[in-house]
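This report takes one protein model element by element. Please keep the sequence and the coordinates to hand.

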Amino acid sequence: MKITLVSTSMWSMFNFRNNIINEINYKNEVTLIAPFDSYEKKLSSSMDCIDWKLNPRSISIFKELRAIIHLYLIIPRNTKLVVAYSLKSILYLALLQKLILPSSCKKVFFFPGIGNRFKSKKILYKFVRFLLLNILNSGKIITLNPSDYQ
């Protein structure tokens, strides 16, 4: 089965998810999508790693639109399961899912939380929360912070 994992850093995939990624890769074809940060070299060479042109800390609308377009161009269209691990990857993948993913593709959004950057800005926090609640209804959501799911 073709499985694609999307995150905002290869570092996080290597440090926090490497064991499970290797287990998944044992019987499946795995593609990892995240900005390259030298940790892609430490991941198994049997996985396809794709460099996503994304600045995880950016809040520039133009840079974010460019990152969304780049994700649209690089994500494998024949994937059967997509797992997104970070706020930006979840939001951008959810926005694009109708355009790039077949309806048979299962989606899992592993939501780590909205984060302090958004919580400190009430209007932005409410907007991001609204977006998440309205665009993530087509995938399985796993959250670490129950308050973010309410």
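S1, H1 and S2 form a β-α-β unit that is right-handed. The term means that, with the strands pointing away from the viewer, the path from the first strand over the helix to the second runs clockwise. Helices (H or I, at least four residues) and strands (E, at least two) are DSSP runs, numbered from the N terminus.

The model is predicted: local features need pLDDT of at least 70, side-chain atom pairs count only at pLDDT 80 or more, and totals for chains, interfaces and linings use all residues. Residues are numbered from 1 along each chain as its sequence is written, and side-chain values use heavy atoms, with hydrogens and water left out.

Buried means under 20% relative accessible area, exposed over 50%, and partly exposed in between (1.4 Å probe, protein chains only). Lys2, Thr4 and Val6 are buried on one side of S1, and Ile3 and Leu5 on the other.

Two strands pair if DSSP finds at least two bridges between them.

| Pair | Sense | Bridges | Example of bridge partners |
|---|---|---|---|
| S1 and S2 | parallel | 5 bridges | isoleucine 3 and valine 30 |
| S1 and S4 | parallel | 4 bridges | threonine 4 and valine 82 |

**The nonpolar cores**

A nonpolar core is a set of buried Ala, Val, Leu, Ile, Met, Phe, Trp, Tyr and Cys residues joined through side-chain atoms within 4.5 Å. The largest one has 23 residues. Ile33, Trp52, Leu71, Tyr92 and Leu93 touch the most other members. At least two residues of this core come from each of helix H2 (61-74), strand S4 (81-84) and helix H3 (87-100). H3 gives the most, with 8 residues.

What does leucine 71 contact, leaving aside its neighbours within four places in sequence? Its partners are Val6, Ile33, Trp52, Tyr92, Leu93 and Leu96. Contact here means heavy atoms within 4.5 Å.

A second, separate core has 13 residues, among them Met13, Ile21, Leu32 and Tyr85. In soluble globular proteins, nonpolar side chains tend to be buried together.

**Helix H3**

H3 has 14 residues. Its first and last C-alpha are 19 Å apart, close to the expected 20 Å. That expected span is 1.5 Å times one less than the number of residues. A kink of about 35° is centred on alanine 94 in H3. The bend at a residue is the angle between axes fitted to the seven residues ending there and the seven starting there.

H3 is largely enclosed by the rest of the structure, because 11 of its 14 residues are buried. These include Lys88, Ser89 and Gln97.

**Individual residues**

Leucine 65 lies in helix H2. At 45% relative accessibility, leucine 65 is partly exposed. Tyrosine 92 is 27 residues away in sequence, yet the two C-alpha atoms are 9.3 Å apart.

Asparagine 18 sits in helix H1 (residues 10-27). Is asparagine 18 buried or exposed? With a relative accessible area of 15%, asparagine 18 is buried. Not counting residues up to four places away in sequence, asparagine 18 touches Met13 and Leu43.

Serine 38 is in the loop between strand S2 (29-34) and strand S3 (48-51). Its phi is near 85°, a positive value in a residue other than glycine. Serine 38 is partly exposed, at 38% relative accessibility.
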